[in-house]
Amino acid sequence: MVSEHKIADASFESLLRIFTVPEGPDSTLTRIEEELSRNLNQFLREHIVAEEKPLKEIEKDFSNPHIPEAPEFVSEHTQHLMDTLVAQSVHTASPSFIGHMTSALPYFLMPLSKIMIALNQNLVKIETSKAFTPLERQVLGMLHRLIYAQQDEFYQQWMHSAAHSLGAFCSGGTIANITALWVARNNALQARESFGGVEKEGLFKAMLHYGYQGLAILVSERGHYSLKKAADILGIGQQGLVTVRTDNNNRLCPDDLQLKINQLKSQNIHPFAVVGVAGTTETGNVDPLRAIGEICQKEQCHFHIDAAWGGATLMSSTYRHLLDGIELADSVTIDAHKQMYIPMGAGMVLFKDPHAMNAIEHHAQYILRKGSKDLGSHTLEGSRSGMAMLVYASMHIISRAGYQLLIDQSIEKARYFADLIQSQTDFELVSEPELCLLTYRYAPDNAIKALTIADEKEKTALNHLLNELTKYIQKKQRETGKSFVSRTQLNPARWQGLDTLVFRVVLANPLTTRSILHSVLQEQRDIAQTATQLLAQINQLSQSIISSQA
């Protein structure tokens, strides 16, 4: 006998049920909710397939462009998502997933996220957010105080002022950086005399009025790619993003910064902003913020610090000194979805001066009226969710002392891993950890010896083979699915700036143990041994170089 297949009804009464009536206790969705609440990490381990499936195969599950004409039962569709989406997602919370700036999340964020979603507040205006607006303003005030350490009277005056803002929440570091530089540009080309300001009259008339031949933003060679987007959007052009030389530790060189500023001014190009980086994406290094800040004060440049990654280090009294000089910044980007362990979509930009964001203030009759406390009047994005609630909750539940423990263990774990790498004869540490990022590569001992004595042609050839080996190991390790490290390209001074592919690890996940770090290296070593042809070429060339110098 063939079992009867139930078909979902598209009647209005049925639709009302999905807005009002929860799934039954035996449904797929209810079971998943219980499993997620009971043990989030175990659920992810059990339901995300470890071995990578080719993207072309996954695309087959998402290739139908037609919107369904008939509804599906919630539980049936939930099972579909489990089989096609969840199973092939990336297990970013895995303690062996150490290649990117993601981590395990605290369990309490699951139920709190449900409250946030159920309330569905829109932070663009008071009418759709009510208590969420003062909450968000408080969160911005708390992080402003973490950076700038103003007296309590300052926050009593400015935190909830309708005509001012200490910063803005946004979807991430890219929008935060764009917002900071948008404010900097508008303040640099503000209204004066007969000129109405760049925001009203446009960039062309602003340049004519001020008599500039161009505008420039200066940033280190390790600056984030979002700054190119900012230069493009703000009409400066990517050529207006001027790179400043970095030292052997991937930190901006203040002498070169001053030189570049002088050169720009001699060409009548106005350097209106300098971006310092507190935790570079590739290596985790921190620019000399105090030295940069002092140059910016002298040259009257807006000083922005991209601390999307490293900003949370301010929570640690042990390592706060690594960001010395951050209080000199005019604006600072921080991503709570990185080292504050919040779900994706929680970026912030903070401004030292409560008046700074007036340069980008916008109003409308039906929304964002003058005199209101609508947050949308000072943000690039319009409609936004209440992610500030999760940051607020985490800062209370974890506390500054708890964040200090998380930050400290991550930095100390990175130092342990760096020491472990240096103790191996077949691995090379490429960049020392300053925060909790480091880079390294698999390189047999004889290859390193050969590189130190090789001529330029031999060095280039041998380095190319090592790059191919790094690429092979990283790809195989990712496909195997047991662990994951990312890769990037650096130009180490040790090898005279040769383009060098390296493994990149981020050790923020508190669940990552030392034994996992040992196993990551062993897995990479084992994978390397399967690249027989590459290894043979590396050994042959290395031996040839060493023998010729004997």
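Visitor: In which helix do R31 and E35 both lie, and how many residues apart are they?

Guide: This is a predicted model, so read every value with that in mind. R31 and E35 share helix α2, which covers residues 28–38. They sit four residues apart, about one turn of the helix.

Visitor: What does R31 form with E35?

Guide: Start with the general idea. Side chains of opposite charge can pair when their charged atoms come close. Here R31 forms a salt bridge with E35. The closest N and O atoms are 3.0 Å apart.

Visitor: Are these two residues buried or exposed, or partly so?

Guide: Take them one at a time. R31 has a relative accessible area of 33%, so it is partly exposed. E35 is buried, because its relative accessible area is 15% and the cut-off for buried is under 20%.

Visitor: Which residue forms a salt bridge with E57?

Guide: The partner is K60. Their closest N and O atoms lie 2.9 Å apart. Both belong to helix α4, residues 55–60. They are three residues apart, so about one helical turn separates them. E57 is partly exposed, at 34% relative accessibility. K60 counts as exposed because it reaches 53%, and exposed means over 50%.

Visitor: Where in the chain are E428 and R441, which meet in a salt bridge?

Guide: Their side chains meet at 2.7 Å, N to O. This pair links distant parts of the chain. E428 is in strand β8, residues 427–431. R441 is in strand β9, residues 437–442. E428 is buried, with 6% relative accessibility. R441 is buried too, at 0%.

Visitor: Which residues do salt bridges that share partners join into one network?

Guide: R290, D324 and E327 are joined that way. The count of salt bridges comes to 21.

Visitor: Where is K338 found, and which residues does K338 touch?

Guide: Find the loop between β6 (331–335) and β7 (347–351); K338 is there. K338 is buried, at 17% relative accessibility. Leaving out residues up to four places away in sequence, K338 touches M101, A308 and W309. The side chains of K338 and D335 are also joined by a polar contact of 2.5 Å.

Visitor: Which side chain has a polar contact with that of S226?

Guide: That of N177, at 3.1 Å. S226 is in helix α11, residues 226–233. With 0% relative accessibility, S226 counts as buried. Beyond four places in sequence, S226 touches T174 and N177.

Visitor: How many helices and strands does the protein have?

Guide: There are 19 helices and eleven strands. The radius of gyration is 26 Å, close to the 24 Å that the globule rule gives for 550 residues, so the protein is as compact as a globular protein of that length. The C-alpha trace spans about 85 × 80 × 45 Å along its principal axes.

Visitor: What share of the residues count as buried?

Guide: Of the 550 residues, 52% do. The protein exposes about 26,700 Å², and carbon and sulfur atoms supply 53% of that area.

Visitor: Among contacts between residues at least 6 apart in sequence, what share join residues at least 24 apart?

Guide: The share is 71%.

Terms used. Residues are numbered from 1 along each chain as its sequence is written. This is a predicted model: local features need pLDDT of at least 70, side-chain atom pairs count only at pLDDT 80 or more; totals for chains, interfaces and linings use all residues. Side-chain values use heavy atoms; hydrogens and water are left out. Helices (H or I, at least four residues) and strands (E, at least two) are DSSP runs, numbered from the N terminus. Buried means under 20% relative accessible area, exposed over 50%, partly exposed in between (1.4 Å probe, protein chains only). A polar contact is a pair of N or O atoms within 3.5 Å; within protein, one must be able to donate a hydrogen and the other to accept it, and residues adjacent in sequence count only if both atoms are side-chain atoms. Contact means heavy atoms within 4.5 Å. A salt bridge is a side-chain nitrogen of Lys or Arg within 4 Å of a carboxyl oxygen of Asp or Glu. The radius of gyration is taken over C-alpha atoms; the globule rule is 2.2 Å times the number of residues to the power 0.38. Accessible areas come from the Shrake-Rupley method with a 1.4 Å probe; for residues, only the protein chains shown count as cover.
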